Amino acid sequence: MVLRYASVVFVAMLLATVAVLGASAVQPRKAEAAATVPTCAGGTITLADSEKRSLDLHNQARASKGLSRFCVDPALQRAARAHSKEMIDRDYFSHNSYNGETMANRLKRYGYTPRSGRYWTVGENIAFNSLTGTASADKAHSQWMNSTGHRANILNKNFKQIGIGAFYGNYKGSNGTMWTANFGSR
């Protein structure tokens, strides 16, 4: 009985603390449903619905040009998510990491490296918009497809793998979603 009473008191105190802190805290990240998709190596990976929508849009654009579908590479996925989060957390927008690390070196750090003796090509698209969820994915994809360089990455026949990271937060005073799409050819 004492343990049960202590648990109830603890939960009540925890809820009161959350309520007090919640009033002054930064807007929470929006929770999003998830989808499981196959990886390039035959496993599976879980993407947020917005990331899955972006993958579908990328693959639809490629199919319309007779190109192969992208598969999700876990290292590219980790790198893309981390870069989107870092850009929100550090309030900047660049293909280089906040500390100046290049995109290619960042991808290597996350484990996307050329296979022994093989040539590889990598690319990256980034975007920010004030939307969330799948509406944000549609907007980011539209922005990329209306930009010559970004469109070239999406439709590059040499790119076979992709990682897509979406992170919601505040950038330069506006709430929205930061996007990173990493492309690879190893």
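Modeller: The sheet is open and has 4 strands in the order E3-E5-E6-E4, with mixed pairing. The strands and helices named here are DSSP runs numbered from the N terminus (strands are E, at least two residues; helices are H or I, at least four), and two strands pair where DSSP finds at least two bridges between them. The edges are strand E3 (71-72) and strand E4 (122-129); each has a single partner strand, so one side of each has no neighbour in the sheet. The model is predicted: local features need pLDDT of at least 70 and side-chain atom pairs pLDDT 80 or more, while totals for chains, interfaces and linings use all residues. Residues are numbered from 1 along each chain as its sequence is written, and side-chain values use heavy atoms, with hydrogens and water left out.

Helix H3, residues 74-90, touches E3, E4, E5 and E6, and its direction makes about 20° with that of E5. Helix H5, residues 133-145, touches E4 and E6, and its direction makes about 125° with that of E4. Contact here is heavy atoms within 4.5 Å; axes are lines fitted to C-alpha atoms (for helices over the stretch in contact), and angles run from 0 to 180 degrees between N-to-C directions.

H5 also meets another helix. The axes of H5 and helix H2 (residues 49-63) come within 8 Å and cross at roughly 35°. On the H2 side the contact is made by Asp-49, Ser-50, Arg-53, Ser-54, Leu-57, His-58 and Ala-61. On the H5 side the contributors are Gly-133, Thr-134, Ala-137, Asp-138, His-141, Trp-144 and Met-145.

Rings of Phe, Tyr and Trp (its six-membered ring) pair with centres within 6.5 Å, and planes under 30 degrees apart count as stacked, over 60 as edge-to-face, the rest as tilted. Ring pairs also join Phe-70 to Phe-159 and Phe-183 in a cluster, and the whole structure holds 6 aromatic pairs. Phe-183 is buried at 0% relative accessible area, and Phe-159 is buried at 2%; buried is under 20%, exposed over 50%, partly exposed in between (1.4 Å probe, protein chains only).

Lys-172 sits in the loop between E5 and E6, with phi near 50°. Lys-172 is exposed, at 54% relative accessible area. Asp-91 is in the loop between H3 and helix H4 (103-109) and has a phi of about 55°. At 29%, Asp-91 is partly exposed. Most residues other than glycine have a negative phi.

Strand E1 (residues 34-38) and strand E2 (residues 44-48) run antiparallel and are joined by 5 bridges. Ala-35 has Leu-47 of E2 as its bridge partner, and Val-37 is opposite Ile-45 of E2. Ala-35 and Val-37 make up the covered face of E1, whereas Ala-34, Thr-36 and Pro-38 make up the uncovered face. There are 5 residues between the two strands, and in this hairpin Gly-42 takes a positive phi near 95°.

For the chain as a whole, the count is 6 helices and 6 strands, in the sequence pattern α-β-β-α-β-α-α-β-α-α-β-β. The chain has 186 residues, and 39% of them count as buried. Of the contacts with a separation of 6 or more, 67% are between residues 24 or more positions apart.
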